[in-house]
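Colleague: Could you take a close look at one part of this model with me? I'd like to follow a single side chain and its surroundings.

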Amino acid sequence: MESQTKRVILRCKLLSPFLGDQRSSSGVKRLNSVTQNNVDYFLPSNAQWRWALKEAMDATGILNDTGVDYVRLPSRIVMPKVHLYTRVFDRQNPDKRDTHECFQAGTVFSFPVLILGSLEQSSSLEVFKDRPPTEEEIRNCFSLIGEDIGLSPWGSKFGYGRFVLLEPKSNT
């Protein structure tokens, strides 16, 4: 039985601020974003999000059966409201601080992931995993990412960008 490609919408509620890390001439660390057709989009770090997903797949024990290559992460997300956040990084010297653009704790946002039914053929000697992850496995991985890893550039080390995965909105 061949697997089907499936689009899954994940809804998250931030538990801690999601901080930007792009340097600017103003000194504020910005969120990576772009405006297209009068809509602001956040551009997530594909490398960071793939790393977090790989770590979550490993922690949940599915990395030997499946892999990150089956999952296409979003290249852009409709931008939630942006705020400024001051991060003090030396408690002994509170003047040592950075100002970041951020999505505040409590912000709810959604993004799609695409679970491929199969991988592209490759001429390399890469070993393909047996199967794509299930929707439930992807939801479990993103729950783990939200609770323990975070997706903010400052998340995995300092607790930023933590979230809870919400149930999908019903179509009723």
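Which side chain does the side chain of Lys-29 join in a polar contact?

Modeller: Happy to! A quick note on the basis: this is a predicted model, in which local features need pLDDT of at least 70 and side-chain atom pairs count only at pLDDT 80 or more, while totals for chains, interfaces and linings use all residues. Residues are numbered from 1 along each chain as its sequence is written, and side-chain values use heavy atoms, with hydrogens and water left out.

The partner is Asp-98: a polar contact of 2.9 Å joins its side chain to that of Lys-29. Such a contact is a pair of N or O atoms within 3.5 Å; within protein, one must be able to donate a hydrogen and the other to accept it, and residues adjacent in sequence count only if both atoms are side-chain atoms. Lys-29 sits in the loop between strand E2 (18–19) and E3; strands here are DSSP runs of E, at least two residues, numbered from the N terminus.

Is Lys-29 buried or exposed? Lys-29 is buried, because its relative accessible area is 9%, and buried means under 20% relative accessible area (1.4 Å probe, protein chains only). Not counting residues up to four places away in sequence, Lys-29 touches (heavy atoms within 4.5 Å) Gly-20, Asp-21, Gln-22 and Arg-23, among others, and also Thr-99, His-100, Glu-101 and Trp-154. Across the chain, buried residues make up 40% of the 172 residues.

Conventions: Helix = DSSP H or I, 4+ residues; strand = E, 2+ residues; numbered from the N terminus. Buried < 20%, exposed > 50% of the residue type's maximum accessible area, 1.4 Å probe, protein only.
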